[in-house]
Amino acid sequence: MSNGRIFDQEGIYEIRISGKLDQTWTEWFDGFKITYQGNETEFVGVVQDQAALFGLLTKLNNLGLPLISVQQIG
């Protein structure tokens with residue numbers, strides 16, 4: 001139930017972490033596209049809602065990966 005809240009809707013997100021994470025992690029990160037810029041890894045993909053976003057961020061945290069930014073881009 002969304003109750004009209006924007007964060008309960010699907011969106012495209014860009015997430016950046018410090019360091020490089022191998023392309024083999026794409027499936028583990030729900031099909032996010034993984035690219036690199038310098039010594040940073042960028043994930044871009046669709047997130048179903050706020051709960052799914054927090055789940056994705058928890059995965060990154062559990063791997064000990066330093067988060068640089070999270071941005072909704074679409």
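**Exercises on a charged network and the overall fold**

The side chains of Glu40 and Arg16 come together in a salt bridge, with 3.2 Å from N to O. The model is predicted, so that local features need pLDDT of at least 70 and side-chain atom pairs count only at pLDDT 80 or more, while totals for chains, interfaces and linings use all residues. Residues are numbered from 1 along each chain as its sequence is written, and side-chain values use heavy atoms, with hydrogens and water left out.

**Exercise 1.** Work out which parts of the chain the pair Glu40 and Arg16 ties together.

*Solution.* Begin with the criterion: a salt bridge is a side-chain nitrogen of Lys or Arg within 4 Å of a carboxyl oxygen of Asp or Glu. Strands here are DSSP runs of E with at least two residues, and helices are runs of H or I with at least four, numbered from the N terminus.

**Exercise 2.** Find the other salt bridges of Arg16, and state which residues the network joins.

*Solution.* Arg16 also pairs with Glu42, where the closest N and O atoms are 2.8 Å apart. This pair again links distant parts of the chain, with Arg16 in strand 1 and Glu42 in strand 3, 26 residues apart. A further salt bridge joins Glu14 to Arg16, with 3.7 Å between the closest N and O atoms. The count by this rule is three salt bridges, and through shared partners they join Glu14, Arg16, Glu40 and Glu42 into one network.

**Exercise 3.** Describe the order of the elements and the overall dimensions of the chain.

*Solution.* The secondary structure comes to one helix and four strands, which run β-β-β-α-β from the N terminus on. Along its principal axes, the C-alpha trace spans about 40 × 20 × 20 Å. Buried residues make up 26% of the 74 residues in the chain.

Notes:
Buried means under 20% relative accessible area, exposed over 50%, partly exposed in between (1.4 Å probe, protein chains only).
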